[in-house]
Amino acid sequence: MPYLGGEDTVKELRRALSNPNIQSDQLRYRNTILKVIRTMSQGVDVSGLFSEMVKACATVDIVQKKLVYVFLCAYATLNPELSLLVINTLRKDCQDPNPMVRSLALRNMTNLRLPSLVEYLEQPLTAGLRDRAACVRRVAVLGWAKLYNLQRSSDIDATVVNELYSLLRDPDPVVMVNCLRALEEILKEEGGVAINKPITHHLLNRLKECDVWGQCEVLRILQRYRPQSEEELFDILSLLDASLVSPHPPVTAATLSLFLNLCSGLPAVSLAALERVRGPLLAACGSVSREMRFTALCHIQLLLRSVPGLMGAHYKRFFCGYAEPAYIKQRKMQVLVELVNDENVAMLLDELKGYCTDVNADTAQAAISAIGRIGRSYSDRCLEILTGLLGLRQEHITSVVVQTMRDLVWVCPQCSDTVCLALEGCEETLQDSQGRQALLWLLGVYGERVSSAPYTLEVFIDGVRSESSLGVKMELLTTTMRLFLCRPAETQDMLGRLLHYCIEEETDMCVRDQALLYYRLLHCGIEETRRVLQCRRSDPSLGVLIGRPAEPISQWACSFNTLEPLRQGAVETESASRGSPEHVTFDPKPNTDLSGTLNCSQGDTVHAAMQSPSVCPSPQLSAQRSFSVCGCRDRLSKVIKCAEKTEEEEDYVCLEECVQCPAITHCSPQSLQAAMQLVNIQTLAYTPPHTLPWRVYLYTHTQRAHSGNTPHSTLILGELLYTGEANQKVVSKEAVEGGEEKQVKEGEEATVDGLSGRESVRINGEEEEVKVTLKQQPRDDKALKGFLSIITTVLHTLSSEQN
């Protein structure tokens, strides 16, 4: 046999196919054709044998027919004219007494995918829909979908569509499912197959006859149907009850997705369905297939967002196995963090501690990060484990532990004393840039508590010329400046050397500009530098609650049983590639329900006055404290540009209303922000109290299902403005009249217009109101009305508490 990839190979095969002696021997002829197929599968171009293979399809040997059809379907597009020669043979085989030959010929006739053959396909496909054999009807139904793809410009005959609808009642379940798939493809532009009550109940009653993928297809299509009454809804749920605990995970997932879709207005039924699928999901987590295990873990994470205690009693099922791949171990650790409580915290921490020394560095780092997230509620136990890991003196472990400690003290300042004690000597093990950045940040914020901080910092400054990481250089500048403010005698000389290098020798413009900024800031005086770099910190006496509020099921129901849970990262996980926590932007959760009520008391908020006379950034959007004025102005300019851009859109609405709340401007920014967050409204920025004009910028996302179960999302930007003009007019009027006392007059309530009512109260003859400006895109009047109603409630509540 000649070399596999040479031209002699094709010549040898052509001679063999044309040899009369081989053609007369059926077995040798079949083996020669098999060699052609094997050569084709190995990447050799054997299209030159097309005419010889066309002759070989005229045989009664069904095995030989299959082999020839494989070749013809692969090279038909390269030889469209020669492909016409095989049509007569295929049409003849479509009338063969053997149903297997008929189905094989019909399948391969449509698989040729040549527009020139369309006129020859319609008659065999129409006959195939009425064939006695189920295997022929299966092929004919899908053949019409393939034919539609070949001639999308022309419409399929309505008679064929009606016949496909009638075949939904075919006794063969595969024919029924194939009809659904074909109608979905043919009627795609019309929204797919029309699902009414008779079709729905027929499909549900025959669901058990279908195979696994057929059941999934039926359940997916049934999501478009809406029951006409509550009685019909519960009848459908009763028919689906057995599929909810199916031993096949795809069927269970598809059934639960349909359950959640039908019961969007019945939260109790949805919760009961989630309880029912707990067993099948846990069984899927122990599947032999790694892909199935990973998919089940991702979907369990979705369920825990609404029912945090769903898997609480089965936390041991999420312990990692030794031979499991790293991506499954990391997902399991993410689930374990969600299942922590007072009863199992000790066992879970012991388990995670064992993963911290895993041979896979990614798994070890994920375990350390998981311990850090648990430490937000159980800080003492977790800090003990993290401190012990520092003693191992392993580079990748030390780096992640220092980063985890940095993140932990950012949200739990009461842990700072223990962290400061553990930092001694760990700089010798740190080699990667992320770990060094975390250590520098800790030295800058808590340098006065670490005795060796100046000496550690001096080592970094001495090696700054050989430092390749831009992030480390910028963090080193900030840390040195902060340490200089609290320990000037020990840091003055090294700060001067660092600033001189960064300004005179550094080639990177970002580092040079930051050094120039600090240099000029020092010229403004120590107090001004201290005010910028040492802003207000969190109160160490305050605890942090890590438990997320249970989300409504409707928020993630549309993404269940899709690829979206597999793409999503862990819930509330910190990225290992970021720098200081001061530069992190948190993504707020979208609001899905604006009809909730406000229950905010003054005791639930943090009382701390903002000293800066300028607009202050909201910690919910960014925790950056350095140069807050400049950063906030940039952020506000982006918001304004975004609002101006939305005005150009057609689907856009702007609303201005006035709300009476006389004491709201004296409310602390933290109280206002906490109250807004209770109703899932995020604060972008605000001015300190007693500052005129007083402004607050807000935003939220709403998402709700419209007709057809299509989620509808809209963005709302809001501005609260109080200029104080009413009080100024009152003061000037009192000065003119000699300070005579004025009586408070009650104003008439304004007429309700547009989306909301307008309330006003006259104080000394003038109105004291907060102007509310809302901008929304795309337009959703119901969501905008609810948003304005909630803002009014919040403002009135806070105003009454101030009074």
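Throughout these legends, a residue is called buried when its relative accessible area is under 20%, exposed when it is over 50%, and partly exposed in between, as calculated with a 1.4 Å probe on protein chains only. This is a predicted model, in which local features need pLDDT of at least 70 and side-chain atom pairs count only at pLDDT 80 or more, while totals for chains, interfaces and linings use all residues. Residues are numbered from 1 along each chain as its sequence is written, and side-chain values use heavy atoms, with hydrogens and water left out.

View 1. Asn-561, a residue other than glycine, has a phi near 65°, and its place is in the loop between helix H31 (526-533) and helix H32 (564-567); helices (H or I, at least four residues) and strands (E, at least two) are DSSP runs, numbered from the N terminus. Asn-561 counts as partly exposed because its relative accessibility is 35%. Arg-113, also not a glycine, has a positive phi of about 55° and sits in the loop between helix H8 (99-111) and helix H9 (118-129), where its relative accessibility of 39% makes it partly exposed.

View 2. The bond from Gln-777 to Pro-778 is cis, with omega near 0°, and Pro-778 belongs to the loop between strand S8 (769-777) and helix H36 (781-802).

**View 3. The salt bridge of Arg-102 and Asp-131.** A salt bridge is a side-chain nitrogen of Lys or Arg within 4 Å of a carboxyl oxygen of Asp or Glu, and here the side chains of Arg-102 and Asp-131 meet in one at 2.9 Å, N to O. The pair links distant parts of the chain, with Arg-102 in helix H8 and Asp-131 in the loop between H9 and helix H10 (134-150), 29 residues apart. Both Arg-102 and Asp-131 are buried.

View 4. Asp-170 is buried, at a relative accessible area of 6%, and Arg-137 is buried at 10%.

**View 5. The salt bridge of Lys-473 and Glu-506.** Their side chains meet at 3.1 Å, N to O. Lys-473 lies in helix H28 (residues 470-486) and Glu-506 in the loop between helix H29 (488-504) and helix H30 (509-523), so the pair ties together parts that are 33 residues apart in sequence.
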